[in-house]
Amino acid sequence: MQQWVAEVAYDSASGPKRVTESYYMPAVEDVRAAIAKKGGYPLSIRPHERSPLERLLARSTWWQVQLLRGVQFRSTSTSPGVALWRIIQAETNPMRQNILAPAREALARGLGAIDALKALRIFDHGTIAILAASERANKLQDGIPHAIHSITQKKKNARAIMGTMTWLIFDVFSIVSSLYAGKPMILGWFRDNPPTNPEELEKYTRVVNNLELTWDVLIGTAFAMGGFIAWTIFSFWINRGKTDWPTAKIVRKIPLIGGYLRDLGFSDSMMAAARMLRGLVPIGDTLKQSSEATSVPEVSDYWMKAATELERGVMLGAALDCEPLTRSERLELASLSDLSQVATVLESIAEMRAAAAKTKHTLIVWIAFGLTGVYLALAFGSAIYGLTVMNMSLDSMMGGLTEGVI
């Protein structure tokens, strides 16, 4: 499902009339069929694209929280779908109207509030999972505060990481810019003032070459890491709301970061599953809905595998007892004998996974500090090493002057 923008021609008493319309449908063929049903003639159909400014506003935490609070406030006297529709109809800002257009089209086609929020593609899978679980339990209004808390908490975590990375990047940038700017001048001076002694000259040349190689490696590593970090941040921002993409696959292969994302995925999806079970949502629907609550394929596959095993007649505890859960988590699930205990166990696992993710988050920050410290030590060490080379050249020059005086 996605939004399409179509230019359509209609017959009128005054002649052909061209209008621009938007549709929220699976494919272009569906759009053509809808236009033909209305008696129009499609001139062009293209996917809806937001401007960079619209993307920035739509993906901001402030915008997401304000939208959810508006739905929560209006849901006290009407359904969430109607509440969202009224928010869209009351919006007068053209930019926000364009952002909300996919949700308007979804609601106009008779879809629910969650489908409309998904159509916006501004919320992450964890937030959508909380909202969807609350809606399935007929408690969407109660679930919105939890979704807002999840959004703000993730924003705090992201802000902490970004603050740390900004400080470290500033330190590395200061050193790298100094090396990059001073390298030609310093190495040029070294090569213009070599020792005159043949034995010292050979050693001097080897040392200068090693110094140049060290600086090249440090500068190249800094540029490569800086480019990778910048591309990763941009890719995650621009692809927010998608299930999977190449950059995410690369990031998940990094051991500690992959485990951190997996813990977050299990925490969000298991908390959503527990909420649905407490709302008396059927277990089969709960498992399938939980698989959509995360963007980590490994976690999604776990829920789908459990759903498949359950359909085969396997007991719920045995169906949930599979990898990639830890041994303690699997033992806790395998011992289930009452369906009423499932929600409690899932909430317990979700809390443990959230704690594990917090620990990994702290460890990532400290490792980043450590690696930056190693890099800075190498940079300062190479600078000190450069001073020894300068001393070799100066000693040779002073020796030559002394011999000339004698």
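What pLDDT does the protein chain average, and what share of the residues score at least 70? The chain averages 78, and 87% of the residues score at least 70, pLDDT being the predictor's confidence in each residue, from 0 to 100. This is a predicted model, in which local features need pLDDT of at least 70 and side-chain atom pairs count only at pLDDT 80 or more, while totals for chains, interfaces and linings use all residues. Residues are numbered from 1 along each chain as its sequence is written, and side-chain values use heavy atoms, with hydrogens and water left out.

On to the aromatics: the structure holds 3 aromatic pairs, meaning rings of Phe, Tyr and Trp (its six-membered ring) with centres within 6.5 Å, called stacked under 30 degrees between planes, edge-to-face over 60 and tilted for the rest. One of them, Trp231 with Phe234, is tilted, at 6.0 Å centre to centre and 40° between the planes. These two residues sit 3 apart in helix 9 (residues 198-238), so about one helical turn separates them. Trp231 is partly exposed at 49% relative accessible area, and Phe234 is partly exposed at 42% (buried is under 20%, exposed over 50%, partly exposed in between; 1.4 Å probe, protein chains only).

The rings of Tyr302 and Trp303 have centres 5.2 Å apart and planes at 75°, so this pair is edge-to-face. Tyr302 is buried at 1% relative accessible area, and Trp303 is buried at 0%. Ring pairs also link Phe266 with Tyr302 and Trp303 into a cluster.

Key
Helix = DSSP H or I, 4+ residues; strand = E, 2+ residues; numbered from the N terminus.
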